[in-house]
Amino acid sequence: MDETVAEYIRRTVLKMPRDEIKTMLQKWGFLSEAQLQTLNFHQIKDNISQEVVQLCEENSADIKQAAALDIIYNHIYQNKRMWSVYQMKKSGEELEYFDITDFKKKFKRRLRSALKNVTITFKEYEDNAIWIRVAWGTPYKKPNQYKPSYVVYHSQTPYVFISASVLKSNLPLLCQALIVASNYHDIREMELRSHSLNSLKDIVFKRYSQNFQTYTPKPLQGGNVEPENADTRIVQENRSEKERIHKLNQEVFGSGPQPKLEFAQYRLETMFKSDPKLDVLDKKEPFRCLVKFSSPHLLESLKSLAPAGMADAPLSPLLTCIPHKARNYFKIREKKGLYPESFVNP
Amino acid sequence: EKADPQKTAFLLRKAWTLYSVTPLYGFRRARLRDYARLLGAFIAAEKQKGLAVEVGVELDIKVALSSLAELRGSELDQAALLVQLSSRSRASSRNSEDKPVWLGWFCSVFGDDLSENVPEHFTCLPLFLSHGAESYTSLVGSWFQKTFDCCFRRLAISPLNLSWMVAMWAGCKLDRAASAVELLFSVPRLSQPLDISYAIHPEDAKALWDTVQKTPGEITQEEVDVFMDCLYAHFHRHFKIHLSAAKLVKVSTAVVSAHCDGIVKILHGQYLPGVLMLLTELAISQIQ
């Protein structure tokens, strides 16, 4: 077995949490059940990985199998990577039958015609997701297995999710290979990025609960309200405001769980406007700002701002449009003319 | 007094943790070498006791104390006091260079408010800045506290003072490309924490500040409030969020960046006296 393959397998196993190594190796299916039985999973990971490498040696593993193991790891730990979303465009309306073999053949052919040294691995999952792993080399160097790119493609959709390696120069080639293989004619990067691959899918496949305009009757007031003290009226007002905010939030965000995004970024190029009494800046050029919101769960966080008294309800459409516009990177310019208060997103 | 840029270059572009220090009793400038020796012995003894700083690494810590006359506001201020901890690995040769592992300095820049009212035998150096492992800071701090009967306290920077810093230095004229004026807010008490970074192009921030400040060379609380309100209003116009209700945690300008936990980074030597003067003031109000 090639030394570099052995080392790569060893390092891949080391990445795995100890109590998950067995399951991952089983999913991999390269080592027999009998071989797996011989492994002692109660020792330190260093030793476990050495034993795994030895077994792989017995089976003469090559880079193809090693790459397959890497896909399994990254599929389970997909949220460790940053994913970008790309949308492909078809020229016509033809509904073509998707042939996976044809796709793989065309993809490999396109990549290999441009770059001899690449490692390409495919794996299909039950949810119609095709995972592609590409390790990149140069005309003179073997592929770097430690910095591969990952592509996730759902063949029934025009969307591709890419977690590129640092070698950004390979991105155009990757995109080309994708459209050639899938019979599309163009591909563009969407302004949507996140660690949570499933949330990105939720957003572009519209799988999250959206804000349907439904009629919700206002709850009946009165009835069992005990007159407590002179402050009853104040309490009432606060309650109806809380209800108003809650209702607006429901309308905008829907009542189900939000897709999980970690950040949203806005490049503002709008004018600075202020109270003329303040006698401050009155420039004809934009007031340039960069605003970034970050949270472990951004949309849930934004949803809780108005109820917490931190924001007006309804919340700004700049924030609430994130899921249905399927983007979390924005460039905002002033809209001229009719509606000076509204913004345009080019 | 203009500080020699060479001598103060070491202060720039390092993250300093801030403390306020009460006046030192019985401190004598002439005894710096003695103090260095005593502090070195103290650190070695503490390490013997098992309060090891670095496990498994045999390090001898060398202490150097020096005065920096350039770092002060006026003649009324005490010269700054610098404490340097360096290590020489026992394994390496005798001629190997000492590696600096920790740096701390006491200073007072226009700290007359404090030094005016202090009795004899007390030395006022209310501001302490440290850079390096917390464990060393704690050792050095303990020694000074024991030896000079003083008290160290972490210097927190309130949102009010952070906004002063933005206002003071957003309008600075800088020769080379300045970095953005950035304000970092954290929104407390939400189900999921939210951080908001609000960065303004330095030219535009300066343009705004220039129209707010009415008298050059002078800044009033009102002007700082107007400046911040303008920024909050611009933000609210877009996002309908009340930034003023969020917690201002960190500010960055081309001159200095400061975190509410009392950590600053000074980026430009030209404005060093101004920054230190503000920090001295903050330290003094924490002491009093």
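This is a predicted model: local features need pLDDT of at least 70, side-chain atom pairs count only at pLDDT 80 or more; totals for chains, interfaces and linings use all residues.
Chain A contains 346 residues, 45% of which count as buried. Its secondary structure consists of twelve helices and ten strands. Among the contacts in chain A with a separation of 6 or more, 67% are made by residues 24 or more positions apart. The accessible surface of the chain amounts to about 19,100 Å², and carbon and sulfur atoms contribute 52% of this area. Three domains are assigned in chain A: domain 1 covers residues 3-78, domain 2 covers residues 83-205 and domain 3 covers residues 245-333. Between the C-alpha centres of domain 1 and domain 3 of chain A there is a distance of 46 Å.

A helix pair in chain A is formed by α6(A), residues 100-114, and α7(A), residues 171-182. On the side of α6(A), the contact involves F103(A), K106(A), F107(A), R110(A), L111(A) and A114(A). These residues meet L173(A), L174(A), Q176(A), A177(A), L178(A), V180(A), A181(A) and S182(A) of α7(A). By residue class, the contact of α6(A) with α7(A) comprises ten nonpolar, two polar and two charged residues.

Helix α8 of chain A spans residues 197-204. Six of its eight residues are buried, so α8(A) is largely enclosed by the rest of the structure. The buried set consists of L197(A), S199(A), L200(A), K201(A), I203(A) and V204(A). Just after α8(A), K206(A) adopts a positive phi of about 55°.

Further backbone features of chain A occur in loops. S60(A) is situated in the loop between α4 (45-58) and α5 (63-76) of chain A. The phi of S60(A) is near 55°, a positive value in a residue other than glycine. With a relative accessible area of 52%, S60(A) is exposed, because the cut-off for this class is over 50%. A cis peptide bond, with omega about 0°, links A313(A) to P314(A). The loop that holds P314(A) runs between α10 (298-303) and α11 (317-320) of chain A.

In chain B, a positive phi is found at K240(B), with a value of about 60°, although this residue is not a glycine. K240(B) belongs to the loop between α7 (221-239) and β11 (247-252) of chain B. The relative accessibility of K240(B) is 29%, and the residue therefore counts as partly exposed, a class that lies between 20% and 50%. G40(B), in turn, is part of helix α2 of chain B, which covers residues 32-48. G40(B) has a relative accessibility of 16% and therefore counts as buried, the cut-off being under 20%. The C-alpha atoms of G40(B) and I200(B) are separated by 47 Å, and the two residues are 160 residues apart along the chain.

Definitions and conventions: Residues are numbered from 1 along each chain as its sequence is written. Chains are lettered from A and ligands numbered from 1 in the order in which they are written. Side-chain values use heavy atoms; hydrogens and water are left out. Helices (H or I, at least four residues) and strands (E, at least two) are DSSP runs, numbered from the N terminus. Buried means under 20% relative accessible area, exposed over 50%, partly exposed in between (1.4 Å probe, protein chains only). Contact means heavy atoms within 4.5 Å. Accessible areas come from the Shrake-Rupley method with a 1.4 Å probe; for residues, only the protein chains shown count as cover. Domain bounds come from an automatic or database domain assignment. Axes are lines fitted to C-alpha atoms, for helices over the stretch in contact, and angles run from 0 to 180 degrees between N-to-C directions. Ala, Val, Leu, Ile, Met, Phe, Trp, Tyr, Cys and Pro count as nonpolar, Asp, Glu, Lys and Arg as charged, and the others, Gly among them, as polar.
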